[in-house]
Amino acid sequence: MTFTTSLKEEIARLEINPIEDRFELIAFLNRVAKVKNDEILLTLENASVTRRIYKELKEIYGVNPSITVRIQKRFKVKQIYILSIKERIDRIKETMNLGPTIEVKSLVSDEEKIAFLKGAFLAIGNVSNPQTSGYHLEFIASKERLAKQIHALLQCFKLSAKLTKRGYKTIVYIKASEDISDLIKRFKATSSLFYFEDVRIYRDHKNMVNRLNNCEIANQEKTFKTGLKQKEAIEYLKEKELFTLLDEKTQVVAEYRYKYPELSYQELATVITTETNYKIGKSGINHHFIKINELINRYQNSKE
C-alpha cells in the first residue's frame with residue numbers, strides 16, 4: 001500500500017460532519033463527477049474513499065447511489081467502483097456549480113477550508129512516501145482555475161505551495177516537509193502524521209550524521225595534505241642545507257612535523273608540549289611554519 005493510499009484511507013475513516021464536509025463533497029464532486037442530464041457518475045479506485053463519499057451523499061443530500069464494482073486488468077488488476085446518482089440531480093448540480101466559484105473569503109472557518117482541501121486531496125491528491133523518496137505532496141487539477149483555488153486555500157495556512165504545468169494539467173505542489181506535515185495534521189490523519197514525522201526525524205538525523213562525517217573526512221584530508229606539504233618544505237630546507245638557519249624552537253616544531261605529518265596543528269602542539277619542555281599551541285605551530293615559508297621564499301628569491 002502506498003503512503004497516498006494509507007493517508008486517504010485514514011481520512012476516509014474520519015467521522016463525517018455534514019456541515020463542514022459539505023465543502024469536502026463539493027470539492028470532490030467538482031474534480032471527479034461526470035454529469036449527464038439524468039445521472040451523475042463517480043469513478044473511484046479506493047474502497048474506503050468510495051464508502052465515505054457514499055455516506056456523505058446519503059447524509060448531506062439524502063440520496064442512495066447505486067454501486068457497480070468492475071475489475072480493471074489494464075497494466076495491473078484492480079477494482080474500480082462506480083457510483084451512479086439518479087436522485088435529486090438538479091440539487092446536486094446546483095451545489096456543484098458553487099465549487100468552481102468558491103472563493104477563500106466565502107469559506108468562513110478554517111474547518112470549512114480544510115474540508116474543501118480534504119475533498120480535493122481525496123479526489124486528485126498524491127503524496128510521496130518519505131521513506132523512499134523526497135518530500136512531495138501535490139494536487140493534479142485538470143483546470144487551472146481549480147488549481148488556483150487550491151493554491152489560495154493552502155496559502156491561507158501559510159503553506160509554501162507552488163503552481164506548475166505538467167502537460168495539460170496544472171499541478172499545485174508542496175516540497176517543504178514541515179508544510180506537508182502541517183497539512184496532514186490539519187487533515188487529522190494522526191497515524192499518517194506519526195509515520196511521516198518518524199521518517200522525517202530519522203532522515204534529518206541521518207543527514208546530519210552524514211554531513212558531520214563528510215565534514216570530518218574533509219578536515220582530515222585537508223590536515224593530511226597540509227602536513228605532507230609542510231614535510232616537503234622541511235625536506236627542501238635540509239636538501240639546501242638551510243635547516244640550521246632556523247631558530248632552535250622552529251627546528252623542534254619542524255622535526256615533529258616531519259615525524260607526524262598526519263596530525264592537526266592542535267594534535268601536533270599537544271605532542272610537542274608533552275614530549276619536550278616547549279609549551280606551544282596551534283597558533284604557535286602556525287607561526288613557526290610562517291617562518292619556514294619565509295626562509296624558503298628568501299632563498300628562492302635570492303637565486304632569481
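Predicted model: local features only at pLDDT ≥ 70, side-chain atom pairs only at ≥ 80, totals over all residues.

Phe3 is buried, with a relative accessible area of 5%.

Before going on, colour the aromatic side chains: searching the whole structure turns up seven aromatic pairs. One of them joins Phe3 to Tyr195, a tilted pair with 5.4 Å from centre to centre and 45° between the planes. Follow the chain between the two and you'll see that this pair links distant parts: Phe3 belongs to helix H1 (residues 3-12), Tyr195 to helix H8 (residues 190-239), and they are 192 residues apart. Click on Tyr195 next; this residue is partly exposed, at 30% relative accessible area.

Now hop over to Tyr265 and Phe289. Their rings are stacked, 6.5 Å centre to centre with 5° between the planes. Tyr265 lies in helix H10 (residues 265-275) and Phe289 in helix H11 (residues 282-302), so this pair ties together parts 24 residues apart in sequence. Is each ring buried or exposed? Phe289 is buried, with a relative accessible area of 3%, while Tyr265 is partly exposed at 21%.

Last stop: charges over rings. Select Lys8 and Phe121, where the charged end of the lysine sits over the ring, 5.6 Å from its centre. Then try Lys238 with Phe243: here too the charged end of Lys238 sits over the ring, at 5.1 Å from the ring centre.

Definitions and conventions:
Residues numbered from 1 in each chain as written. Heavy atoms only, no water. Phe/Tyr/Trp six-rings, centres within 6.5 Å; stacked < 30°, edge-to-face > 60°. Helix = DSSP H or I, 4+ residues; strand = E, 2+ residues; numbered from the N terminus. Buried < 20%, exposed > 50% of the residue type's maximum accessible area, 1.4 Å probe, protein only. Lys NZ or Arg CZ within 6 Å of the ring centre and 35° of its normal.
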